[in-house]
Amino acid sequence: MKDRFIKHLEKELADIRDAGLYKNERIIVTPQRADIEVEGSEQEVLNFCANNYLGLSDNSRLIEAAKHALDERGYGMSSVRFICGTQDLHKELERAISDYFHTEDTILYAACFDANGGLFEPLFTEEDAIISDSLNHASIIDGVRLCKAKRLRYANADMADLERCLQEAKDCRFRIIATDGVFSMDGNVAPMDKICELAEKYDALVMVDESHSAGVVGKTGHGVAEQFDCYGRIDIFTGTLGKSFGGAMGGFTTGPKAIIDMLRQRSRPYLFSNSLAPSIVGASIEMFKMLAESDELHTRLMENVEYFRSKMLEAGFDIKPTQSAICAVMLYDAKLSQDFAAEMQKEGIYVTGFYYPVVPKGQARIRVQLSAGHNRKQLDRAIDAFIKVGKKLGVLKEA
Ligand SMILES: *Cc1c(COP(=O)(O)O)cnc(C)c1O
């Protein structure tokens, strides 16, 4: 039985490899940052594919804060929150997140995957409807699957299609619209102003996952509510501490007190999974202090995005419009996207080539993720490599 099962898996794995979809891991032997070293390569590599938007992954002030929390509050919690796993630091971080998003209360999770996975099932039943953007993150999709509510799906950021879903769900007891703030493949921002208008017209709640948008979009980087001036109109935010907010780990849901209270009572990833480690919590508190003191990192990130985009457009690349820190360099052809990424790697630049089924057929691209941690010289090196490879592969005409 076991042999047969292992053979079955080996065959499936071979199929994944044959389809070119097998995921290999690069082994980094330095802290996560703009310039990294990788096992098996002498060359220093510039990293343009981490979610390290504010460049905080190796920030010395956060490392110090983590060490301080280790000394003061120990290594592990060895408990779930409600049994004996809540420290003063957890409450302090929850308050900091509520302040950041202008909400009443916050609940921490081990990851945003858990925040989304545990959001819908405790709040909604078969009498209700969840209306979800078709490009929402896997964790929202899984969270919706775990809930008995009616499921409706609208085309990415398509407001006419969202309205169709709202009409279809108009007889349900409660309706909630769920969307990512920034979609990770195109880097496009959800049109929250229009979503909120439709929600008000059809009496629906609004939930947004700020994982790729918090720290990035909005005038001071506070996310989509700031960008679209939607404070008070978005009911529930989820997000991660694993991207802009330091990059370690942890997730959260923040919103009205009654919702957060109910999640503390009923949300399964919260009730049945260990509390966040004190070092991460302590560093995260320090991180929100840093962001409250200055917009400098956000400003630098936006300058980097603007610089990179304008130089790439000038060079003749086809780049999707973005208000986020994700730049999709369109190549359209699947094989070309893989060849391009491989050539970039030879130049010491890590970027990711995406093609079907991760993006629609004929929409292959290189995704570049910019960071406040990139300096001008590093950006120029990446742009020069893009131009060199672009010419070599015939994406750019020789000048
Ligand atoms: C990254 C991401 C998550 C998962 O966050 P983790 O904290 O790493 O689990 C959830 N939702 C969205 C939209 C994301 O981009």
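Predicted model: local features only at pLDDT ≥ 70, side-chain atom pairs only at ≥ 80, totals over all residues.
1. Two strands are said to pair if DSSP finds at least two bridges between them. A simple case is Ile36, which stands opposite Val45 in strand S2. Strand S1 and strand S2 (residues 45-47) pair in the antiparallel sense, and two bridges join them.

2. The sheet that contains these strands is open and has three strands, in the order S1-S2-S11. Its pairing is mixed. At the edges stand strand S1 (35-36) and strand S11, each of which pairs on one side only.

3. A further open sheet is built from three strands in the order S10-S13-S12. Here the pairing is antiparallel. Strand S10 (326-332) and strand S12 (352-354) each have a single partner strand, so one side of each is left without a neighbour in the sheet. From one strand to the next, the twist averages 25°.

4. Within that sheet, how many bridges link S10 and S13? Strand S10 and strand S13 (residues 364-369) pair over six bridges, in the antiparallel sense.

5. The next topic is the largest pocket. Rolling a probe the size of a water molecule over the atoms shows where empty space is left. The largest pocket has a volume of about 1,200 Å³. It is lined by 27 residues, of which Tyr22, Lys23, Asn24, Thr352 and Gly353 are the closest to its centre.

6. Which elements give two or more residues to the lining of the largest pocket? They are helix H14 (334-346), strand S11 (349-350) and strand S12. Helix H14 provides the largest share, four residues. Strand S11 is also an edge strand of the sheet with mixed pairing, and strand S12 stands at an edge of the antiparallel sheet.

7. The last topic is the ligand. There are 13 residues around the ligand, and those that come nearest are Cys112, Asp209, His212, Thr240 and Lys243. For Thr240, an N or O atom of the side chain is 2.6 Å from an oxygen atom of the ligand.

8. In the side chain of His137, an N or O atom is 3.4 Å from a nitrogen atom of the ligand. For Ser211, a polar side-chain atom lies 3.4 Å from a ligand nitrogen atom.

Notes
Residues numbered from 1 in each chain as written. Heavy atoms only, no water. Axes fitted to C-alpha atoms, helices over the stretch in contact; angles between N-to-C directions. 1 Å grid on protein atoms, 1.4 Å probe; cavity = no way out; pocket = protein on both sides within 12 Å on 5 of 7 lines; lining within 4 Å. Points joined across faces, edges and corners; volume = space filled by probe spheres on them. Near = heavy atom within 4 Å. Polar contact = N/O pair within 3.5 Å; in protein donor to acceptor, adjacent residues only side chain to side chain.
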